[in-house]
Amino acid sequence: MLAFFRVVEVGKFIRIPFSNCVQIITIPLLINLKLLLRRPRFNLYHSIDGSRSAKISMPRKDFTIDGNVARCNWMITSLSKDGRIMEARRLFDEMRDPDVITWTSVISGFIKCGMIEEARRLFDRVDAKKNVVTWIAMVGGYIRSNKISEAEKLFHEMPNKNVVSWNTMIDGYAQNGGIDSAMYLFEKMPERNVVSWNTIVSMLAQCGRIEEARKLFDRMPERDVISWTAMIAGLSKNGRIDEARLLFDRMRERNVVSWNAMITGYSHNSRLDEALDLFEKMPERDLPSWNTMITGLIQNGDLRRARKLFNAVPKKNVISWTTMITGYVQEGESEEALKIFSRMLSTNGAKPNQGTFVSVLGACSNLAGLGEGQQIHQIVSKTVYQDSTFEDC
């Protein structure tokens, strides 16, 4: 009769038969298929009757010897990505000599988990090993936490800056409305790449400083599809749709985002026929393409064509459903809006989000005297107050 022992391998079990007697076996332990077999060997013990599976686990010290820094870095990065930052920190603390990659991985992990102060405490330690990537991670963390003054101070303290450092700070200013600060930093840059130019052109175009954006666009030493798309979107937003179309036609290479930007421009400027014509000519469409066109039709009061397009969408998401529901509510067709909502609930696809519920509650208020409206109102109200988790648009 055969008994089995099991090898614990990062949460997985391997069943291996052995004879029913006391023995000690020495085998190499494979930590991960992506890594080489470990050199150390381990003793396996099991009971005489085989009723209990012997457990083999790798000693903690083997994670932290100098020769395993690369393995530790991989594990710390994996734990951080999974949100298990405290486990990553414990492993970090046990390492004898963490390198700069280790320090950067743990600091970045804390930033990702929203623990910016803990990240800064590690960053400021006397024994901390830092390079330009570590500094950029810390600056970017402050920007994402809307602490632009701290980001700015740290940026100026950086001993060595590269083009990514400058781009990160410029983008931080742009995100927080610091247009003039972003422009000042852009002009001071010792070198720029296409990302630098794209960031500043997009910022100026979106905030209405379209002439400055166009001058910079024309000065660009090189442009990519993002450059052209940003300028087209900015011109369209500012009502210069024909100028945007001229740029669109000049593009040597377009992607689906470029097409969507041009269609949005036509829709926002109430030129639906041209928007639809462009939509029909698209070499490929993604879901945002469909949603963009449906939204444009609804915004211009063409609910009939919007519904026809909605029915043709291959796979609808929450934006598709919510847009259509909102369109019917705005047109006073609340019963139809609730029918769409009922269809949405009956499918196994998109889940309603907060925007969906707001539109549906608006429809229910218009149908307060109807039993269906009252029932849905109760269901939605209960869901809103009991479940604060909504799918993002």
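Predicted model: local features only at pLDDT ≥ 70, side-chain atom pairs only at ≥ 80, totals over all residues.
Me: What does the protein contain in helices and strands?
Reply: The protein has 21 helices and five strands. Of its 393 residues, 45% are buried. Among contacts between residues at least 6 apart in sequence, 52% join residues at least 24 apart.

Me: Why are α2 and α3 called roughly antiparallel?
Reply: The axes of helix α2 (residues 69-81) and helix α3 (residues 85-94) cross at roughly 160° and come within 7 Å. Angles over 145 degrees count as roughly antiparallel, and α2 and α3 are therefore given that name. Their crossing is left-handed. On the α2 side the contact is made by Cys-72, Met-75, Ile-76, Leu-79 and Ser-80, and on the α3 side by Ile-85, Glu-87, Ala-88, Leu-91 and Phe-92.

Me: What makes α4 roughly parallel to α6?
Reply: Helix α4 (residues 100-112) packs on helix α6 (residues 132-144) at an angle of about 5°, and the axes are 9 Å apart. Since angles under 35 degrees count as roughly parallel, α4 is roughly parallel to α6. From α4 the contact uses Val-100, Thr-104, Ile-107, Ser-108 and Ile-111, while α6 supplies Val-133, Thr-134, Ala-137, Met-138, Gly-141 and Arg-144.

Me: How do you know that α14 and α16 are roughly parallel?
Reply: Helix α14 (residues 256-268) and helix α16 (residues 287-299) have axes that cross at roughly 5° and come within 9 Å. The cut-off for roughly parallel is an angle under 35 degrees, so α14 and α16 are roughly parallel to each other. Among the residues that meet are Val-256, Asn-260 and Ile-263 in α14, and Pro-288, Ser-289 and Thr-292 in α16.

Me: Why is Arg-214 called buried?
Reply: The relative accessible area of Arg-214 is 16%. Buried means under 20%, so Arg-214 is buried. Arg-214 is found in helix α11 (residues 210-219). Apart from neighbours within four places in sequence, Arg-214 is in contact with Met-231, Leu-235, Glu-243, Leu-247 and Arg-250.

Me: Which class does Ala-244 fall into, buried or exposed?
Reply: Ala-244 has 0% relative accessibility and therefore counts as buried, the cut-off being under 20%. Its place is in helix α13 (residues 241-250). With residues up to four places away left out, Ala-244 touches Ile-232, Leu-235, Ser-236 and Met-262. Ala-244 and Trp-228 are 16 residues apart in sequence, and their C-alpha atoms are 9.4 Å apart.

Me: What makes Gly-234 count as buried?
Reply: The relative accessibility of Gly-234 is 0%. That is set against a limit of under 20%, so Gly-234 counts as buried. Gly-234 lies in helix α12 (residues 225-237). Gly-234 and Ala-205 are 29 residues apart in sequence but 4.5 Å apart in space, C-alpha to C-alpha.

Me: Which residues have the most contacts inside the largest nonpolar core?
Reply: They are Met-138, Ile-200 and Met-324, in a core of 101 residues. Ile-200 is in contact with Ile-170, Ala-182, Met-183, Phe-186 and Leu-216, leaving aside neighbours within four places in sequence.

Me: How many disulfides are there?
Reply: The count comes to zero disulfides; the rule asks for a pair of cysteine sulfur atoms within 2.5 Å.

Me: Why are Cys-113 and Cys-207 called partly exposed?
Reply: Partly exposed lies between the buried limit of 20% and the exposed limit of 50%. Cys-113 has a relative accessible area of 32% and is therefore partly exposed. Cys-207, at 35%, counts as partly exposed too.

Me: Why are Asn-146 and Ser-270 called exposed?
Reply: Exposed means over 50% relative accessible area. Asn-146 is at 59% and so counts as exposed. Ser-270 is at 51% and is therefore exposed. Asn-146 is placed in the loop between α6 and α7 (148-157), and Ser-270 in the loop between α14 and α15 (272-281).

Me: What is the phi of Asn-146, and what is the phi of Ser-270?
Reply: Phi of Asn-146 is near 60°, a positive value in a residue other than glycine. Phi of Ser-270 is also near 60°, again positive in a residue other than glycine. Most residues other than glycine have a negative phi.

Definitions and conventions. Residues numbered from 1 in each chain as written. Heavy atoms only, no water. Core = buried A, V, L, I, M, F, W, Y, C linked by side-chain atoms within 4.5 Å. Buried < 20%, exposed > 50% of the residue type's maximum accessible area, 1.4 Å probe, protein only. Contact = heavy atoms within 4.5 Å. Axes fitted to C-alpha atoms, helices over the stretch in contact; angles between N-to-C directions. Helix = DSSP H or I, 4+ residues; strand = E, 2+ residues; numbered from the N terminus. Parallel < 35°, antiparallel > 145°, perpendicular 65-115°, else oblique. Left-handed = near helix turned anticlockwise from the far one by under 90°.
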